[in-house]
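Side chains of opposite charge can pair when their charged atoms come close. The following paragraphs trace such pairs through the structure shown here.

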Amino acid sequence: MFRGTELGHLVFVALLVGLGFAAVVGSELEQLTPLVLVVPAAFVGIAVALHLFLVITGFRGDQLLLPLALALTAIGLVFVERLGPPHLLLQQVTWALVAAGAFVATILLPRDLSVLSRYKYTWAIAGLALLASPLLPVIGREVNGARIWVGFGDLFSFQPAEAVKVVLPIFFAAYLEEHRELIATPPRRVGPIPIPPLPYLAPIVLMWALAMGVMILQKDLGATLIFFGIFLAMLYLATGRAAYSIAGVLMLVAGGYAASRLFDHVNARIVVWLAPFADELRFGAGYQLVQGLFALGNAGLLGAGLGNGMPERIPVVWSDFVFAAFTEEVGFVGALALLALYLIFVFRGMTIALRAPTPFLQLLAGGLSFALAFQTLVIVGGNAKLIPLTGVTLPFLSYGGSSLVTNFVIVALLLRVSDITMRVRGG
Amino acid sequence: MEIPFQLALWGVRVAFLLVLYLFLIRAFASLSRSLRIESELAARNALGYLIVQRTHAQGPRVGERLPLRALSSIGRDAANDVVVNDEAASARHALVELTEGSWWIQDEGSTNGTLLNGSRLARRERLRDGDVVEIGRIGMRFESQVRYGSA
């Protein structure tokens with residue numbers, strides 16, 4: 001089946017990556033190596049191959065999500081070239097290839113998505129194992145103060161928390177679908193406080209304990225927020241009862257406050273967030289955030305011009321502060337367009353969720369879309385000092401393999417849900 | 001560096017932003033196009049309609065045909081199949097259902113009730129062609145697209 005809309009969008013993706021590399025390399029001619037010609041070409045090759053793959057397999061799903069994901073990935077490659085040390089670019093484009101492979105596998109492999117809901121406890125256990133794996137002695141790694149990495153030698157390391165972002169919505173969707181008849185039963189009340197039925201109450205408490213564990217043992221504030229956020233959002237999608245989710249947020253705030261009093265590494269994040277310019281922080285723990293804020297402040301309406309700013313002053317800019325770097329160089333206008341791309345992506349994902357034929361698929365698509373939206377919010381908010389800074393990636397844009405692969409699996413799952421919807425409806 | 005090169009570089013930077021916006025506009029256009037197709041499909045394949053007869057300034061227009069599916073919820077909330085924008089309407093107000101060839105309507109425990117041909121709905125009632133359903137200040141005539149007895 002011909003996918004003209006998708007192909008049309010891909011032309012613009014190719015232009016974007018070409019012009020982006022031209023601007024960056026034009027600004028720093030000493031970076032003119034064969035690699036900067038090969039990488040954009042290879043990326044366009046991957047994009048076209050994925051498109052042709054969907055055409056050949058007669059795929060009927062959505063035609064907008066893949067170009068959106070690829071456009072964001074293209075901007076990501078431009079900024080890895082712009083910001084990172086030279087070897088990162090080669091690594092990132094290799095990861096893009098792996099991500100494309102994961103995308104193809106997700107489209108092809110499970111014949112029927114009900115496999116996902118049938119083995120839901122297997123998924124739950126897999127998710128827990130992934131989450132706990134960085135704590136294991138041999139393979140676990142602590143990088144920049146957070147114990148969230150798993151590695152084998154120097155060759156291979158990844159962040160299991162990223163994969164949990166896919167596994168968790170699968171499990172929750174299956175679990176909440178199974179207990180959906182309870183939605184109609186009004187909650188019992190203790191005084192004015194509604195107490196949810198046990199099948200909802202147990203996971204709320206369990207997830208809360210788990211989130212606290214991640215925050216304390218792995219020192220990863222971002223993962224804590226995202227796991228618990230996905231869970232509360234899906235609970236709301238399934239039950240339509242805001243009270244449960246609000247209670248969850250209050251539990252998280254209370255737990256976070258207690259943790260910040262008890263544990264230094266949680267407290268340090270909060271202190272930096274509240275006053276990064278304080279004398280003792282400005283050149284210490286707050287330095288990264290301070291430089292990020294300068295970058296945002298320098299941006300103005302149109303920015304310094306791609307390749308013309310000074311974002312390299314921000315430490316680890318290519319993973320934590322891509323948004324600030326992007327904004328510094330393309331300005332408010334560019335940042336607005338970038339956020340609009342994310343918005344359209346999430347809107348599309350939610351539309352796919354609304355139209356899906358079964359509650360499981362609806363919850364799955366809704367949960368995955370929310371995960372991406374929330375992650376974007378958490379890191380952009382962290383860059384702008386709206387909320388405490390966490391180490392999560394900006395989806396598709398930040399340097400990082402685990403994140404890119406996971407996000408392309410999410411795109412593939414959303415496409416599959418929309419494909420099923422089209423086939424069921426005969427549209 | 002010489003001036004022509006700097007000018008060309010400036011051009012490339014502007015072109016990057018321009019392409020970013022062109023892509024955004026195209027993405028937005030295909031988003032809104034597919035939403036429009038969806039609502040047209042829903043309207044064309046409707047099993048029945050509620051045709052607005054009486055309304056107010058903020059409500060739907062007179063003569064607007066609100067499509068019905070086999071099971072349609074009516075209410076003020078945007079998640080309903082038929083959205084009635086009236087302050088007297090409950091978030092989830094009433095339910096219209098097609099079962100074994102005949103149409104039924106029931107009130108979903110709304111605060112201000114549903115009127116069928118002028119009398120307040122107490123239980124599930126048959127809904128026939130030409131019946132008038134009133135919710136708040138909005139009155140709608142029911143029209144079925146299904147031939148009775150044949151389904």
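In this predicted model, A:Arg82 and A:Glu329 form a salt bridge whose closest N and O atoms lie 2.8 Å apart. The two residues belong to distant parts of the chain: A:Arg82 sits in helix 3 of chain A and A:Glu329 in helix 14 of chain A, 247 residues apart. A:Arg82 is buried, with a relative accessible area of 4%, and A:Glu329 is likewise buried, at 1%.

A second salt bridge in chain A joins A:Arg348 to A:Asp62, with 2.4 Å between the closest N and O atoms. Because A:Arg348 lies in helix 14 (residues 322-355) and A:Asp62 in the loop between helix 2 (35-56) and helix 3 (65-83), this pair ties together parts that are 286 residues apart in sequence. A:Arg348 has a relative accessible area of 11% and is buried; A:Asp62 also counts as buried, at 9% relative accessibility.

B:Glu134 forms a salt bridge with B:Arg54, the closest N and O atoms being 2.7 Å apart. This pair, too, links distant parts of its chain, since B:Glu134 is in strand 10 (residues 132-135) and B:Arg54 in strand 1 (residues 48-54), 80 residues apart. B:Glu134 counts as buried at 18% relative accessibility, whereas B:Arg54 is partly exposed, with a relative accessible area of 39%.

Returning to chain A, salt bridges that share partners join A:Glu28, A:Arg82, A:Glu312 and A:Glu329 into one network. Over all chains, the count comes to 17 salt bridges.

Technical notes:
Residues are numbered from 1 along each chain as its sequence is written. Chains are lettered from A and ligands numbered from 1 in the order in which they are written. This is a predicted model: local features need pLDDT of at least 70, side-chain atom pairs count only at pLDDT 80 or more; totals for chains, interfaces and linings use all residues. Side-chain values use heavy atoms; hydrogens and water are left out. A salt bridge is a side-chain nitrogen of Lys or Arg within 4 Å of a carboxyl oxygen of Asp or Glu. Helices (H or I, at least four residues) and strands (E, at least two) are DSSP runs, numbered from the N terminus. Buried means under 20% relative accessible area, exposed over 50%, partly exposed in between (1.4 Å probe, protein chains only).
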